Amino acid sequence: MFTPHPATPAAPARKSAVCMCMHGEQCSSSAPGHALHLIQARLAAATPREWIDGIVEAADAEDGTILVRSLDGSAALVWSATDLASTTVEGSPVALHARWNVLAVDGARVNVARLSA
């Protein structure tokens, strides 16, 4: 004999992920400037010709922005929720992925939000 189970309502889906970095925990959002998504990291690694070499011209630990000057002279202002701006030294070499907005610095790769081109 079959006994039907009551329908369990589906959990409500959120429209956006909650960003834990605002609370001092590991970031749970993969929005620009937050946690680096695995797919984003793989796409950046799969397109090596789109990396732009540059130098950190300025790093503002107060607002988390980093000004990257590429070797051809163009500048990009980027932001990351990680504490990257306070640990990055001006004059240090970096690489910025043009399409996937990944910044490589000191062997680490982070998701950045480009504030200016």
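Modeller: Threonine 88 is placed in the loop between helix H2 (84-87) and strand E4 (93-97); helices (H or I, at least four residues) and strands (E, at least two) are DSSP runs, numbered from the N terminus. This is a predicted model, in which local features need pLDDT of at least 70, side-chain atom pairs count only at pLDDT 80 or more, and totals for chains, interfaces and linings use all residues. Residues are numbered from 1 along each chain as its sequence is written, and side-chain values use heavy atoms, with hydrogens and water left out.

Biologist: Is threonine 88 buried or exposed?

Modeller: Buried means under 20% relative accessible area, exposed over 50%, and partly exposed in between (1.4 Å probe, protein chains only). Threonine 88 counts as buried because its relative accessibility is 8%.

Biologist: Which residues does threonine 88 touch, not counting residues up to four places away in sequence?

Modeller: Contact means heavy atoms within 4.5 Å. On that basis, threonine 88 touches Val56, Ala59, Ile66 and Val105, with residues up to four places away in sequence not counted. Its side chain also reaches the backbone oxygen of leucine 84 at 2.6 Å.

Biologist: What is the relative accessibility of aspartate 106?

Modeller: The value is 68%, so aspartate 106 counts as exposed. Asparagine 101 is partly exposed, because its relative accessible area is 21%.

Methods:
A polar contact is a pair of N or O atoms within 3.5 Å; within protein, one must be able to donate a hydrogen and the other to accept it, and residues adjacent in sequence count only if both atoms are side-chain atoms.
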